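Hi,

Here is the structure I promised to pass on.

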Amino acid sequence: MADWIDKAKDDDPDEMLKEAVEKSGYQMDRVAYPWTKETKKNVTELLRCPVADYYYISDDHAAYYAIGEINFVEIEQ
């Protein structure tokens with residue numbers, strides 16, 4: 001079993017993302033993933049940890065939650 005599965009099982013991805021974006025200083029828009037209840041359930045079962053309902057994006061950065069971690073990426077233009 002991957003070590004992040006137990007670590008992430010009680011995560012609240014949306015709250016973690018919100019706090020990380022606020023602390024980052026980036027001005028980012030929150031965008032909903034196009035989950036249906038079924039697709040979100042399927043992805044959660046596949047990854048065996050919570051998944052976020054949202055990600056954040058700006059002209060030059062994006063932030064997302066994946067397998068127990070918040071990730072910031074620079075968008076190349």
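β3 (61-66) and β4 (residues 69-74) run antiparallel and are joined by six bridges; strands count as paired if DSSP finds at least two bridges between them. The two strands make a hairpin with two residues between them, and Ile67 in the turn has a positive phi of about 40°. Across the pairing, Ala63 stands opposite Phe72 in β4. Helices (H or I, at least four residues) and strands (E, at least two) are DSSP runs, numbered from the N terminus.

A word on the source: this is a predicted model, where local features need pLDDT of at least 70 and side-chain atom pairs count only at pLDDT 80 or more, while totals for chains, interfaces and linings use all residues. Residues are numbered from 1 along each chain as its sequence is written, and side-chain values use heavy atoms, with hydrogens and water left out.

Ala63 also turns up in the largest nonpolar core, which has eleven residues, among them Trp4, Leu17, Val21, Met28 and Tyr56. By nonpolar core I mean buried Ala, Val, Leu, Ile, Met, Phe, Trp, Tyr and Cys residues joined through side-chain atoms within 4.5 Å. Buried is under 20% relative accessible area, exposed is over 50%, and partly exposed is in between (1.4 Å probe, protein chains only). α1 (3-8), α2 (13-24) and β3 each supply at least two residues of this core, and the largest share, three residues, comes from α1. Leaving aside neighbours within four places in sequence, Val21 is in contact (heavy atoms within 4.5 Å) with Tyr26, Met28, Tyr56, Ala63 and Phe72.

Now the rings. The whole structure has three aromatic pairs, counting rings of Phe, Tyr and Trp (its six-membered ring) with centres within 6.5 Å; planes under 30 degrees apart are stacked, over 60 edge-to-face and the rest tilted. Tyr33 and Trp35 form a tilted pair, 5.3 Å centre to centre with 40° between the planes. Tyr33 and Tyr55 are tilted too, at 5.0 Å and 50°. Tyr33 sits in the loop between β1 (29-32) and α3 (37-47) and Tyr55 in strand β2 (residues 54-57), so this pair ties together parts 22 residues apart in sequence. Ring pairs link Tyr33, Trp35 and Tyr55 into a cluster. Tyr33 is partly exposed at 26%, as are Trp35 at 29% and Tyr55 at 24%.

Lastly, Arg30 lies over the face of Tyr54, 3.8 Å from the ring centre (the criterion being NZ of Lys or CZ of Arg within 6 Å of the centre and within 35 degrees of the ring normal).

Cheers
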